[in-house]
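Subject: Structure handover

Hello,

Here is the structure I promised to pass on. Please open it alongside this note; my findings follow below.

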Amino acid sequence: MNPSTYADRFDGHRAMNDLIRLCSLGPRPAGSEAMERQRGIVAEAFRSHGAEVSIQEFEGVHPLSERTVRLANVVGSWRPERPDRVLIGGHGDTRPRADRERDPTRVLGPFLGANDGASGVAALMELARHLTELPGSAGVDLVMFDAEELVFDEVGDYCLGSCEFALRARNQERAGGPSYAAAVVLDMIAGREMCLTREGFGRDYAAWLTEDLWNVARNRGTSRFSDDWGHYVEDDHLPLLGIGVPAIALVDLDYPQWHTLDDRPEACDVGAIEAVGRVVLEWLGRWASLPESPGKTGLLDNENRE
Ligand SMILES: [Zn+2]
């Protein structure tokens, strides 16, 4: 199957419906009941489309009350027997406070995180619908990370869920289990005016992976990816880079509604999430179809080798 045609199956309308459904749970900060319900929805979405699902439970500390918070990542694995794996992830928790609100009375208002939270998860749910028919043979894991931002006005640590995930992935690899050849994090990928720039850490530490995705975008002719260099963003790709997995984040930090109460479904757009979803799905299809080799570092490299 042509990976480009295959990727057209990613349906932005369906992803947007998922985004709206997740937002209807209300704010979903780490440790909340709404986050727990979201976990159930996502686990079921993965399972019903052929994934083996595991829940990685762990504990964190609430940065204000210092109480223990129960946290969990959701991992959906397609072709779980494959040792060569690719990871697509995104955080499901929403920021506890809308701390970029200029009006202090609004900071404690209900922050829905339609783009910052739901968009990445909705894209994972739509990707899940197509993975049993993924071309090629590589294994794929979709991961909803918990506690990317259990942070109050910069009090607290970022990326608790992806840190926990990375720790377990490293132990698993050391024990002779599967390893990740590449990871792509999706965060804020549905903003109306989104035009993704190349995030700094990914560009510096996983240049070939960044170029792989941008080449696919260029060939698809999407206007949602820019050739400009973007910000350095502390996101869920960093713990993965820390254990040596080439990892990038597709993240739109220029989203005008970022960390405000206006981060609602109305600020999101079918065309944006669809453009990103299709680029990721096409890249996945191309990657999974590459011949397995020890030095496998991306589409460009392999094309040059032929
Ligand atoms: Zn955020």
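Helices in this note are DSSP runs of H or I with at least four residues, numbered from the N terminus. Helix 3 is such a run and spans residues 33–48. Please keep in mind that the model is predicted.

**A pair within helix 3**

Glu44 and Arg47 both sit in helix 3. They are three residues apart, or about one turn of the helix. The two form a salt bridge, with 3.8 Å between the closest N and O atoms. Are these residues buried, exposed or partly exposed? Glu44 has a relative accessible area of 44%, so it counts as partly exposed. Arg47 is partly exposed too, at 46% relative accessibility.

**A pair between strands**

Arg85 and Asp141 form another salt bridge, and here the closest N and O atoms are 2.7 Å apart. Arg85 belongs to strand 3 and Asp141 to strand 4, so this pair ties together parts 56 residues apart in sequence. Arg85 is buried at 3%. Asp141 is buried, also with a relative accessible area of 3%.

**The zinc site**

Which residues coordinate the zinc ion? They are Asp116 (OD), Glu149 (OE), Glu149 (OE) and His259 (NE2), at 1.9 to 2.5 Å. Along the chain the donors follow the spacing D-x32-E-x109-H. Asp116 and Glu149 link distant parts of the chain, 33 residues apart. Asp116 is in helix 4, residues 114–128. Glu149 is in the loop between strand 4 (139–145) and helix 5 (160–174).

Asp116 is buried, at 2% relative accessibility. Glu149 is buried as well, with a relative accessible area of 2%.

What is the geometry of the site? It is irregular, with angles of 55 to 146° among the four donor atoms. A tetrahedral call would need all angles to lie between 85 and 135 degrees. For four tetrahedral donors the ideal angle is 109.5 degrees.

**Around Glu101**

Glu101 lies in the loop between strand 3 (84–91) and helix 4. Glu101 is buried, at 14% relative accessibility. Leaving aside neighbours within four places in sequence, its contacts are Arg106, Val107, His259, Thr260, Leu261 and Asp262. The side chains of Glu101 and Arg106 are joined by a polar contact of 3.0 Å.

Arg106 also forms a salt bridge with Asp262, with the closest N and O atoms 3.7 Å apart. Arg106 lies in the loop between strand 3 and helix 4, and Asp262 in the loop between strand 8 (247–251) and helix 9 (270–289), so the pair ties together parts 156 residues apart in sequence. Arg106 is partly exposed, with a relative accessible area of 30%. Asp262 is partly exposed, at 42%.

**Salt bridges overall**

How many salt bridges does the structure hold? The total is 24. Asp8, Arg220, Glu282 and Arg286 are linked in a network of them.

Best wishes

Methods: Residues numbered from 1 in each chain as written. Predicted model: local features only at pLDDT ≥ 70, side-chain atom pairs only at ≥ 80, totals over all residues. Heavy atoms only, no water. Donors = N, O, S within 2.8 Å, 3.2 Å for Na, K, Ca; no water. Tetrahedral: all angles 85-135°; square planar, octahedral: opposite > 155°, others 65-115°. Helix = DSSP H or I, 4+ residues; strand = E, 2+ residues; numbered from the N terminus. Buried < 20%, exposed > 50% of the residue type's maximum accessible area, 1.4 Å probe, protein only. Polar contact = N/O pair within 3.5 Å; in protein donor to acceptor, adjacent residues only side chain to side chain. Contact = heavy atoms within 4.5 Å. Salt bridge = Lys/Arg side-chain N within 4 Å of Asp/Glu carboxyl O.
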